[in-house]
Amino acid sequence: QVQLVESGGGLVQAGGSLRLSCAASRSIFSINRMGWYRQAPGKQRELVAIITPGGSTNYADSVKGRFTISRDNAKNTVYLQMNSLNPEDTAVYYCNADAVVLNPYRTLEVWGLGTLVTVSS
């Protein structure tokens, strides 16, 4: 089954930190672009950060300097280190990847089910 599984969400006080992880299932051969998105209550889903296989990154202005995206290509895993969290960061965080699957060979976009991050004031 082709899937991404997020972990690491939870409740944290303002100013605190969390680290999210997203692991790809073994059915995924390799991953090109990987990213994190988030959706706050009553708002549209928005890009948080993306990373290419070579390590190039791009961040939303709202998280620059506070969040860091990284990946382990050997494990097909992406991470999001979130520091200096504030209540506006409260959202469901989703992992996203452009995945390569074999037998038959194909590329497809995959989404995780999301992990909730709640930041209390």
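β3 and β8 pair in the antiparallel sense over six bridges, where strands (E, at least two residues) are DSSP runs numbered from the N terminus and two strands pair if DSSP finds at least two bridges between them. This is a predicted model in which local features need pLDDT of at least 70 and side-chain atom pairs count only at pLDDT 80 or more, while totals for chains, interfaces and linings use all residues. Residues are numbered from 1 along each chain as its sequence is written, and side-chain values use heavy atoms, with hydrogens and water left out.

β7 also pairs with β8 in the antiparallel sense over six bridges, and these two strands form a hairpin with four residues between them. In the turn, N76 has a positive phi of about 50°. Two residues have M82 of β8 as their bridge partner, as the table shows.

| Residue | Bridge partner in β8 |
|---|---|
| L18 | M82 |
| F67 | M82 |

Because five of its six residues are buried, β8 is largely enclosed by the rest of the structure; buried means under 20% relative accessible area, exposed over 50% and partly exposed in between, with a 1.4 Å probe and protein chains only.
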